[in-house]
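This briefing sets out selected features of the chain shown below, grouped by topic. It is meant to be read alongside the sequence and the structure.

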Amino acid sequence: MAEQLGDLTRTHTCGALRPDDVGADVVLLGWVHRVRDLGGLLFVDVRDRAGVTQIVFGNDDEALMAKGKRLRSEYVIGVEGRVQRRSAETVNPKLETGEVEVVVRKLTLLNEAKTPPFSITDDAQVSEDVRLKYRYLDLRRPRLQANIGLRHRVMTVVRNYFDANGFWEIETPILTKSTPEGARDYLVPSRVHPGEFFALPQSPQLFKQILMVGGMDRYVQICRCFRDEDLRADRQPEFTQIDVEMSFARPETIFGIIEPLMREVFAVIGKKITTPFQRMPYAEAMAVYGSDKPDLRPGMPIQDVRELFRESSFGVFKSIVAEGGTVRAIVVPDAASYSRSAVDGIVNQEKAQGRHLLWARRADDGTMTSSFPKAVGEETVRQLLDATGTEKGQLAFVVAGEPDTTSKMLGQLRLNLAKQKGLLGNDEYAFLWVVDFPLLEWDPEAKRYNSMHHPFTSPHDDDHALLAKEPGAVRAKAYDLVLNGSEIGGGSIRIHDSAQQSQIFSLLNISKEEAQLRFGFFLEALEYGTPPHGGIALGLDRMVAILAGESSIREVMAFPKTAAAIDLMAGAPSPVDAKQLKELHLKI
């Protein structure tokens, strides 16, 4: 039978006691972490989110000892006792409280617990489905508590930083109009307006722009967003972003706000971040790293060596170059450890994907070997190694074909090799602004343009004239913040002119009628003196995961869904009562 808390009041957390507290009478409240019964003495570790303290029962009070021997893992208890110093041989240097213990005078058993389906006391491997089903137990484990505590501290730093820089935190609606921006909306049926629906916001995009129309000048919000996306391993149907918008902003204005923020955020884990961050045009990122979110840590940039093969005796590469293709290469440092069979294994993996990869290397003694046909000749191989800067003990992988395809292939290969060689250190942080994205991208199946970011992104100042005659060549005033190969933020300078916004809708094959239906309130707002403005949204979940050294955002969210968008703990989504459906005028 559980006892009541009554007037029992905690004096210290389970992580607070130190040698200076010896002799003090204290009250601890928490969970039984571990029990060690030595017969005449009973040692129990008591845990709360702040840490663990050892308590000890002596044999001078038989009733108290008997009550203590009833304790099991995860029982909730209250302890009254006196702090004493541990003997030298029993000090636990792994605990911050490891020099002291509490001699129990009174024990209150506040609740018992069933045997947990997995151990709380260690970080043993448990299937993710089991962890998510029993998330309330998983959250008691030190790793998850540290991650959630880190998330809290980051959010506190973010709020304080933006407040100090003149931003107002303003809430935008959760129930809003469906204006799909790429992913599907989550729809909410209206009971009082049969046949009509609200949507959960994919982002506060239109509302934060309207706040700029409303003269709010600097807005920030740590907000929940919802996207009904197809199943992906590390995406969540609901997520949190740090949403920012500023009036009279240029890209440099946004960078000047976000870069110092990153310094303060990373200081939470004791890391110093160097600013300003590198800037790289989208075209360069794709050509040199094969990605619009390149990881700069491993080096190994992609090099264009097409000119070596324009007049080459190697007919395959020569014809590819003549037809407008290219030849590109990456150089793998410290490649002496790669045996010939290991290199062939890499080539065969690419071949299994339908891609043809060649290689050339300089051994430690300077001799050259390669997979190029003999007809190519040793001199061409030497020129290739010289042109790519391949030194002794290094290896060059080469591929020819369509420029975008070759860079993406080599971009993925460089990351795979970097992981194998341990070049992606968790304590290294390589920030990058990717800028000058294309405004539009052509969809060959639909035979129409789509926005690369979203339809409210402003064209580059120098490219306005191209909108009418060559829209695919127009650059956007868009920018992504990339960290270690992950996009942790994306934003742009917005269109603030109603006529230009209508022009962009037209290029996207959105008719005037459809534009009015979906965005009429926004187009009208733009006609009432809208200032130039821009902003960014930072992914809080991804950012905290990187800070915590976690590979999945689920490890830094209190109640995440599975990759299949299911809440295993609560059992959602789930069927609803027929009466509810009738009230909403819905039939399944």
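In this predicted model, helix α14 (residues 498-507) and helix α15 (residues 512-526) have axes that come within 10 Å and cross at roughly 160°. The two helices, α14 and α15, are therefore roughly antiparallel to each other, since angles over 145 degrees count as such. Their crossing is right-handed.

**Contact between α14 and α15**
- Helix α14 contributes Ser 498, Gln 501, Ser 502 and Phe 505 to the contact, while α15 contributes Ala 515, Phe 519, Phe 522, Leu 523 and Leu 526.
- By type, the residues of this contact comprise six nonpolar, three polar and no charged.

**Nonpolar cores**
- The largest nonpolar core contains 43 residues, and Phe 162, Ile 242, Ile 258, Met 262 and Phe 431 have the most contacts inside it.
- Helix α6 (residues 251-267) gives the most to this core, supplying eight residues.
- Leaving aside residues up to four places away in sequence, Phe 162 touches Phe 167, Val 220, Ile 242, Val 244, Ile 257, Ile 258 and Leu 261.
- Another core, of 30 residues, lies apart from the largest one; among its members are Leu 439, Tyr 449, Leu 467 and Ile 504.

**The chain as a whole**
- The secondary structure consists of 17 helices and 22 strands.
- Of the 588 residues, 46% count as buried.
- Taken along the principal axes, the C-alpha atoms fill a box of roughly 95 × 75 × 50 Å.
- Among contacts with a separation of 6 or more, 67% are accounted for by residues 24 or more positions apart.

**Backbone exceptions**
- Most residues other than glycine have a negative phi, and most peptide bonds are trans.
- Thr 275 and Pro 276 are joined by a cis peptide bond, with omega about 0°; Pro 276 is placed in the loop between α6 and β11 (278-281).
- A cis peptide bond also runs from Ala 572 to Pro 573, with omega near 0°; Pro 573 lies in the loop between α16 (540-548) and α17 (578-583).
- Asp 436 is not a glycine, yet has a positive phi of about 55°. Asp 436 is found in the loop between β17 (431-435) and β18 (440-443) and is partly exposed, with a relative accessible area of 26%.
- Asn 484 likewise has a positive phi, near 50°. Asn 484 is located in the loop between β20 (478-483) and β21 (486-493) and is buried, with a relative accessible area of 13%.

Methods
Residues numbered from 1 in each chain as written. Predicted model: local features only at pLDDT ≥ 70, side-chain atom pairs only at ≥ 80, totals over all residues. Heavy atoms only, no water. Axes fitted to C-alpha atoms, helices over the stretch in contact; angles between N-to-C directions. Helix = DSSP H or I, 4+ residues; strand = E, 2+ residues; numbered from the N terminus. Parallel < 35°, antiparallel > 145°, perpendicular 65-115°, else oblique. Left-handed = near helix turned anticlockwise from the far one by under 90°. Contact = heavy atoms within 4.5 Å. Nonpolar A, V, L, I, M, F, W, Y, C, P; charged D, E, K, R; others polar. Core = buried A, V, L, I, M, F, W, Y, C linked by side-chain atoms within 4.5 Å. Buried < 20%, exposed > 50% of the residue type's maximum accessible area, 1.4 Å probe, protein only.
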